[in-house]
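Subject: Structure handover

Hello,

Here is the structure you asked for. Please open it first, then read the notes below.

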Amino acid sequence: MIETIVHLLVLFGLVGTALMVFFFRDLLAATLAAGFFSFLVALEFYILQAPDVAISQAAIGAGLTTAIFIIAIRATTRYEGEESR
Amino acid sequence: MKMSKIVRTGANILYPFVLIFGLYIVLHGHLTPGGGFQGGAVIATGVVLVIVANSYEAVTGMLQKVVFKAQESLGLLLFIGAAAIAITLGLPFFYNFLANSGSIFGLSVPFGPNHGDLNTAGLIPIMNIAVGIEVWGGLTVIILSMLSGLDRKEA
Amino acid sequence: MIGEALTYVFLVIGTAFNTLGIIGLLRFPDVYTRMHATTKMTTFGTTFTALSVVVYAVAMFLGGNSVMFPSLALHTIIAALVLAFTNAIGSHALARGVHKSGCMPEPSVVDRLEGVLP
Amino acid sequence: MITDAIIANSPALLVMIPLIAAFACPFIGRISPAVRNIWVVGAMVLTAAMALLLAGEVLSGGTVVYTFGASAAGMSIPPDSGGIPVRIVFTVDAMSALMQIIGGVTGLAVILYSIASDRRHTGLESYYTLYLLMIAGVMGMVSTGDLFNFFVFLEILSIASAGLIAYRIDRGVAVEAAVKYFVLSTIGAMVILVAIGIFYGEYDALNIAVIASRMQFTLLDQVALVLMIAALGMKCGAVPMHFWTPDAYSMAPSSITAMLVVASQASLYGLFRVVFTLYNVTLNAATVGWIIIVLGVLSMVVGVTMAIPQKDVKRLMAYHAISQTGYMLLGVGVGLAVLGNQSLLDAFGYVAMEGGIFHIINHAMYKGLLFLTAGAIFYRIGTRNLNRMGGLGHNMKYTMVFFVIGALAIAGIPPFNGFASKLMIYESVFMFNPILSIIAMVVSILTLASFVKVFHSIFMGPRLPEYADVKEAPAPMLIGMGILAVVVVLFGLFPGVVVDHLIEPAAQALVNQGAYISAVMGGV
Amino acid sequence: MLASFSVTYLVIVALAVIGLATAAIKRNLIKIFLGITIFESAVNLFLVTLGYRDGAVAPIFTDAPSTEMVMATPQALTLTSIVIGVATSALLLSLAVLIWKHYGTVDTDKIRRLKE
Amino acid sequence: MLPFLLTAIFAFSIWLVLTAGTGDIGLWSAPELAAGVALSLVTAGITRTFLCRSRNFRMANPARWLLMCLYILGPFFLEVTRANLDVAYRVITGRIRPGIIRVSSDLKTDLGIFMLANSITLTPGTITVDIDEATHDLYVHKINLVPGEEKRETFQDSDLFSLANLPAWIRRIAE
Amino acid sequence: MDLIASLYTGSGYWNPLVWLIAIVVVVVIVYLIWSRGESGYKKGTLQTTPFISGNPEPEKSGVHIPGGNLYWGYTEALKGYYSRLVPLHTGRLNDYLLWYLGVTAIIMVVVVVTA
Amino acid sequence: MNIMWMPFVLVLVILVLLALVRLFLGPTAGDRAVSVDTVNTLVVAILILLGVYFKEVIYIDVAIVFALLSFVGTLFVAKYLGGEL
């Protein structure tokens with residue numbers, strides 16, 4: 001019972017963060033939301049009994065992907081809507 | 001540019017820890033959740049930690065892109081080589097000829113829940129090591145080349 | 001028996017501090033004060049949560065259950081230590097970055113750092 | 001002894017040789033460029049030899065099933081799998097063998113060509129690494145008998161191709177083309193993964209033969225089928241999803257463009273494999289067949305009409321590639337549309353399929369040849385704009401001859417190979433639906449027209465002053481083009497032999513699902 | 001255990017739609033890539049959910065509490081997919097940086113020198 | 001050589017903790033120990049220039065590690081608990097008076113200042129915002145300044161802690 | 001002989017060697033006719049220059065028609081078609097993606113409805 | 001000894017969702033980064049508790065990886081915000 005509620009809450013958080021990625025115009029904030037999303041995905045993998053996938057998702061999604069997105073934002077631009085130099 | 005002294009000191013202390021922990025994950029790939037890719041990613045993140053705490057310029061002397069590139073290729077060659085040894089023995093590609101052989105990693109594995117022994121599973125730990133080396137190099141190269149692409153205002 | 005009670009006590013303490021931390025995150029007015037509430041109090045709370053697991057593991061081990069529990073305790077301790085270590089450095093780095101980005105503490109009586117360091 | 005081992009392990013070696021060569025390339029490259037060139041050419045020759053060897057074995061002895069990590073597919077069955085051979089297998093039947101021949105021959109020609117054409121560039125180690133990865137991807141895609149490995153090799157192929165399209169990053173447009181290609185192919189590959197997941201969830205298997213033997217064509221299967229058709233159709237450049245094709249083809253280095261043609265045909269192979277081997281008679285053959293036919297007709301018409309006003313020679317050829325893909329889709333689609341009906345299948349279905357499949361190999365050869373000639377011209381004069389060319393026939397005679405061979409072949413002029421396959425398509429499709437056949441002929445005429453334009457504006461006319469001292473393309477490039485040209489002419493002169501020995505077994509292999517399943521599952 | 005099983009699939013569909021919408025509607029390249037990563041995560045989640053069985057544990061025998069295990073194959077697939085995903089993201093982002101260097105923009109409306 | 005050995009020992013001890021409970025040589029099995037030795041040497045070879053970057057080998061003394069454990073479990077824990085309760089009170093009531101103050105410290109070594117800064121950061125109510133690398137002055141954001149404290153130009157490091165003199169402990173451990 | 005086997009194409013057959021022989025025969029006949037023709041031309045006289053309504057022959061480099069000008073009439077005639085088709089190739093990444101997703105949706109509807 | 005872990009996990013997951021609110025509201029990127037950092041800590045707690053609940057020791061490794069690696073993401077954000085990247 002409680003597991004079900006926990007699971008549903010995590011799923012709710014997933015949709016919420018994904019929507020935030022969609023709506024944020026500040027790309028840094030969107031990247032942070034994507035990092036949050038990765039945490040929750042890893043948690044979901046963990047709940048679904050896939051700890052090895054959770055490790056990969058934690059290392060890749062939360063650590064490296066956030067990092068390379070931030071480097072790319074630093075190299076290009078931070079705000080959506082002012083894409084031109 | 002460097003981050004503050006506190007971060008640098010912390011990163012320098014954390015680096016050996018991350019490295020040994022990543023190697024632990026790599027080597028225990030057949031016993032725990034983990035394996036070559038996960039361990040390699042952990043180690044690569046450790047390298048990235050050092051790079052980001054110190055500046056990119058400060059560490060390029062110690063952490064060279066060439067080394068990591070070579071490491072990446074070497075890991076993949078090891079992987080395919082380990083798979084291809086079986087052909088020279090007259091067995092199919094990827095045949096796990098080390099399993100149950102009694103030599104290194106050669107103990108037999110009991111079926112069902114057990115306590116786990118490092119010295120089992122044959123070719124799989126070796127392939128995990130190869131993949132770990134490869135991922136370690138590959139992900140570091142990715143971050144290094146992305147960082148080197150940044151234009152620095154203060155050179 | 002004592003182990004069980006202690007586990008529950010630690011769990012309740014940990015969860016309570018985590019809750020307070022999140023309340024602080026929602027209530028406080030600016031980045032720095034939020035950071036006070038969260039990164040520290042949640043670290044403390046999580047450490048207590050981990051401690052409860054350690055207590056549980058030790059109690060189970062002393063009850064003669066299984067050999068897996070020392071390993072559980074040690075790994076949990078490592079997780080908690082690493083968490084405390086990284087969180088301290090991380091929140092310092094974050095505070096520094098935020099201050100450098102020009103986001104000054106909003107309700108503030110004094111800011112000795114302003115304009116001191118490059 | 002050694003030859004036995006090589007023959008027994010040839011499917012694995014086919015993928016292993018390019019992979020080892022690719023990853024050793026950075027190390028070899030440190031010794032000297034000459035050694036590296038020998039290394040990559042040697043690896044490619046070995047791969048092509050292995051492909052031909054394997055094809056010979058398959059065509060003479062039937063489907064080869066190679067099992068990784070065990071000596072037979074069903075040797076050890078895990079306790080809870082319900083008797084499925086869960087091993088990873090390579091299943092090489094006649095269709096796969098055909099694609100392997102295409103990959104091997106084109107790959108060899110292209111690498112000989114790029115030894116010369118890319119000599120002036122830096123970073124060649126990574127270029128050759130990516131190139132060999134591309135070869136490994138194509139070879140893996142066409143020989144795997146396992147859906148997930150298909151996805152993995154597809155992704156290897158996409159990543160390597162994107163890297164190679166953006167290879168000359170000094171030109172921003174190349175990066176733009178790479179981004180467009182890669183975003184689309186990533187999403188396509190992910191969609192394919194969803195379809196694979198659906199199969200796994202339904203049938204608890206990833207092996208194509210196992211899934212095929214259990215296929216029910218439920219609603220989920222229909223969804224998976226559509227996802228696969230759309231994604232693979234996009235990857236091979238069928239029309240409403242073709243937009244990436246001209247961008248990527250025109251901006252990649254010419255040698256890579258010739259390989260990209262092969263890559264898109266590997267996707268086409270995947271499409272046929274899914275439709276015929278995975279679903280076969282369970283699917284609603286008329287509907288799916290007509291979907292493929294409509295995609296094919298649209299590709300033919302839109303491709304050729306968009307090609308005529310182009311000014312960039314490689315972009316023009318890219319649109320022609322789309323148009324020719326339409327022929328293959330048309331031929332095989334007609335075969336699919338009559339799949340359930342044995343009498344119609346015997347009357348014209350097989351011939352249509354043979355025409356479509358024959359067109360695959362013909363297209364790879366002459367389109368590769370045309371792209372290589374375009375690259376040779378670009379190599380010598382540094383422009384691809386048709387308006388600024390002219391009179392090159394005086395200086396680049398061999399290139400002109402190769403171009404003429406390719407152009408006549410693509411336009412379907414006898415006695416070159418394009419004519420044979422197009423004739424098969426026309427006549428069999430005419431029996432299915434005359435309008436389609438007429439459209440195909442009109443498209444062929446327009447193709448000829450547009451190649452007359454290209455030929456005229458590149459080679460004809462007086463010697464232009466700015467190109468007065470242009471030299472002939474270097475010898476390795478000519479050798480690369482020559483291999484393809486010889487194949488084009490030979491296939492044109494002896495189409496009956498090729499069809500009897502190579503194409504017909506391939507068409508039979510596609511239609512005959514039972515043989516495929518029993519080849520894999522026979523031992524279980 | 002998890003009665004919320006079908007909800008998981010609904011959420012996966014929602015995530016896939018959000019990811020694809022981000023990729024198809026937004027004009028900023030980096031945002032498009034974020035959408036692609038979300039779509040990839042949705043696919044990975046789909047694969048892992050396929051392998052899940054009620055009351056089973058991870059397919060690792062080391063000190064496992066029971067012998068009932070979830071399917072191992074989808075997890076292996078997901079792992080491969082994650083590996084491919086990181087390579088994809090890295091390549092895409094470096095291409096975006098190159099685009100910024102050559103074009104001075106990451107707006108897809110302006111990155112269209114190749115058309116017609 | 002010394003950095004190499006120290007790093008190897010550090011790594012090996014972590015390995016021992018991670019793999020405890022696998023066998024019967026003590027708590028470990030023979031393959032684990034062999035692998036541990038090999039991997040520790042690898043780790044040491046790669047990271048020897050990082051762990052001992054400041055060429056400070058004081059921490060090689062096991063007594064200092066014991067002292068550090070005591071420090072973490074004793075005064076530091078006490079201080080953190082006290083501060084946590086304080087901040088919990090502020091979270092509930094919302095009575096805050098934040099400000100960034102300057103704290104001077106007479107710790108000299110990198111490790112010492114690192115430990116002090118982390119102690120300050122981990123204590124709720126204070127965060128190290130920045131550090132003056134030349135003079136080792138810390139800039140600390142404090143959540144509740146007593147009225148009148150904002151006038152003080154510089155604080156002494158021990159003023160931040162009320163229950164125990166943590167800087168003195170750190171000096172004993174790290175210097 | 002296997003090599004000269006004809007290719008049966010459903011309703012007929014195709015043999016390129018027969019075709020080649022026919023072509024060779026035709027070429028020989030054409031050559032014979034041509035060789036019987038007038039051969040009394042003198043190089044360098046007005047006999048060999050083209051007659052362009054009495055105008056002087058233009059320079060060779062002046063008559064080269066660049067590729068872009070070919071088929072102008074064709075595109076002009078099909079203007080209605082091209083003016084719709086060409087703008088579809090916008091070059092925008094989003095459009096590419098939307099086309100792909102749209103086609104997937106259409107095929108999905110068709111297959112699921114008819115099945 | 002039978003400890004009820006799940007109610008505490010439930011509370012922690014609800015806290016994660018509350019942190020989501022700050023991610024959504026956060027006026028500056030710094031607030032969002034703080035929120036993500038907090039969630040990192042909370043997720044480690046959840047992972048430890050769930051690992052014990054599932055009775056699998058080896059799951060705790062995932063928590064260690066989490067604690068180690070998301071820190072790198074935080075450092076990148078901090079470095080970017082400080083203009084030092």
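A salt bridge is a side-chain nitrogen of Lys or Arg within 4 Å of a carboxyl oxygen of Asp or Glu. Keep that rule in mind for what follows.

First, the ground rules. This is a predicted model, in which local features need pLDDT of at least 70 and side-chain atom pairs count only at pLDDT 80 or more, while totals for chains, interfaces and linings use all residues. Residues are numbered from 1 along each chain as its sequence is written, chains are lettered from A and ligands numbered from 1 in the order in which they are written, and side-chain values use heavy atoms, with hydrogens and water left out.

**Confidence**

The model has an ipTM of 0.91 and a pTM of 0.91. For single residues we use pLDDT (the predictor's confidence in each residue, from 0 to 100). Chain H has a mean pLDDT of 83. In chain H, 99% of the residues reach 70 or more. Chain G averages 79, and 83% of its residues score at least 70.

Helices and strands are DSSP runs, numbered from the N terminus (helices are H or I, at least four residues; strands are E, at least two). In chain G, confidence is highest in helix H1 (residues 16–35), at a mean of 89. It is lowest in strand S1 (residues 7–8) of chain G, at 71. In chain H, helix H1 (residues 6–25) is highest at 86, and helix H3 (residues 60–81) is lowest at a mean of 84.

**Salt bridges**

Over all chains, a search of the whole structure finds 16 salt bridges. One joins the side chains of Arg315(D) and Asp247(D), at 3.2 Å from N to O.

**Chains D and G**

Contact means heavy atoms within 4.5 Å. Which chains make the most contacts among the 15 pairs that touch? Chains D and G do. Chain D brings 66 residues to the contact and chain G brings 46 residues.

Buried area is the accessible area (1.4 Å probe) that two parts lose on being put together, summed over both. Chains D and G bury about 4,800 Å² between them, and carbon and sulfur atoms give 78% of that. On the chain D side, Val226(D), Phe243(D) and Pro462(D) lose the most area to chain G, together 12% of what that side buries.

There are zero salt bridges between chain D and chain G. Six residue pairs are in polar contact across this interface, both residues at pLDDT 80 or more. A polar contact is a pair of N or O atoms within 3.5 Å; within protein, one must be able to donate a hydrogen and the other to accept it, and residues adjacent in sequence count only if both atoms are side-chain atoms.

Several helices of chain D each supply at least two residues to the side that touches chain G, among them H7 (172–203), H9 (219–236) and H10 (244–251). H9(D) gives the most, with nine residues. By class, this side of chain D has 46 nonpolar, 15 polar and five charged residues. Here Ala, Val, Leu, Ile, Met, Phe, Trp, Tyr, Cys and Pro count as nonpolar, Asp, Glu, Lys and Arg as charged, and the others, Gly among them, as polar.

**Chains B and C**

Eleven residues of chain B are in contact with eleven residues of chain C. The two chains bury about 820 Å² between them, 82% of it on carbon and sulfur atoms. The side of chain B that touches chain C has eight nonpolar, three polar and no charged residues. Zero salt bridges link chain B and chain C.

Best wishes
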